Amino acid sequence: MTYIKSLPNPENPADVFAAVSSLRVLADQLERSAVKEAIAQGWTWAQVAEALDITRQAAHKRHAQFINKEK
């Protein structure tokens, strides 16, 4: 696992916003991969939703299109 060794200086908002944007992209990719694997292992949408602290409907709406696309 890679750890952030330093954070951008908040006095330079452009750098901070770029870092936040990059982290969101990485978090989305990690979440999508984890959901794909969980569903492949037989998890229900309810279990995925509980792990993500969202509703089952929200989990399905956000991720089902990516799961079904790759089958």
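The model is predicted, so local features need pLDDT of at least 70 and side-chain atom pairs count only at pLDDT 80 or more, whereas totals for chains, interfaces and linings use all residues. Residues are numbered from 1 along each chain as its sequence is written, and side-chain values use heavy atoms, with hydrogens and water left out.

The secondary structure of the chain consists of three helices and zero strands, where helices (H or I, at least four residues) and strands (E, at least two) are DSSP runs numbered from the N terminus. In sequence order the pattern is α-α-α. The chain has 71 residues, of which 14% are buried; buried denotes a relative accessible area under 20%, exposed over 50%, and partly exposed the range in between (1.4 Å probe, protein chains only). The accessible surface of the chain is about 6,000 Å², and carbon and sulfur atoms account for 56% of that surface. These areas were computed by the Shrake-Rupley method with a 1.4 Å probe, and for residues only the protein chains shown count as cover. Of the contacts (heavy atoms within 4.5 Å) between residues at least 6 apart in sequence, 28% join residues at least 24 apart.

The largest nonpolar core has nine residues, namely Val-35, Ala-38, Ile-39, Trp-45, Val-48, Ala-49, Ala-59, Ala-64 and Ile-67. Helix 1, helix 2 (45–52) and helix 3 each give two or more residues to this core. A nonpolar core is defined as a set of buried Ala, Val, Leu, Ile, Met, Phe, Trp, Tyr and Cys residues joined through side-chain atoms within 4.5 Å. Within this set, Val-48 is in contact with Val-35, Ala-38, Ile-39, Trp-43 and Ala-59, when residues up to four places away in sequence are not counted. Ile-67 belongs to helix 3 (residues 56–69) and is counted as buried because its relative accessible area is 9%. With residues up to four places away in sequence again not counted, Ile-67 touches Val-35, Lys-36, Ile-39 and Trp-45. The C-alpha atoms of Ile-67 and Ala-40 are 9.0 Å apart, although the two residues are separated by 27 positions along the chain.

His-63 is also a residue of helix 3. Its relative accessibility is 2%, so His-63 is classed as buried. Beyond residues up to four places away in sequence, the contacts of His-63 are with Glu-31, Arg-32, Val-35, Trp-45 and Leu-52.

Two salt bridges were found, a salt bridge being a side-chain nitrogen of Lys or Arg within 4 Å of a carboxyl oxygen of Asp or Glu. One of them joins the side chains of Arg-62 and Asp-28, with an N to O distance of 2.7 Å. This pair links distant parts of the chain, as Arg-62 is in helix 3 and Asp-28 is in helix 1 (residues 13–40), 34 residues apart. Arg-62 also forms a salt bridge with Glu-31, at 3.4 Å from N to O. Arg-62 lies in helix 3 and Glu-31 in helix 1, so this pair ties together parts that are 31 residues apart in sequence.

A search of the whole structure gave zero aromatic pairs. For this search, rings of Phe, Tyr and Trp (its six-membered ring) pair if their centres lie within 6.5 Å, with planes under 30 degrees apart counted as stacked, over 60 as edge-to-face and the rest as tilted. Arg-32 sits over the face of Phe-66, 3.8 Å from the ring centre; the criterion is NZ of Lys or CZ of Arg within 6 Å of the ring centre and within 35 degrees of the ring normal.

Asp-53 is located in the loop between helix 2 and helix 3. Asp-53 is not a glycine, yet its phi is positive, at about 60°. Most residues other than glycine have a negative phi. Asp-53 is classed as exposed because its relative accessibility is 71%.

Arg-56 is placed in helix 3 and is partly exposed, at 42% relative accessibility. Apart from neighbours within four places in sequence, Arg-56 is in contact with Trp-45, Ala-46 and Ala-49. Arg-56 and Thr-44 are twelve residues apart in sequence, with a C-alpha to C-alpha distance of 9.0 Å.
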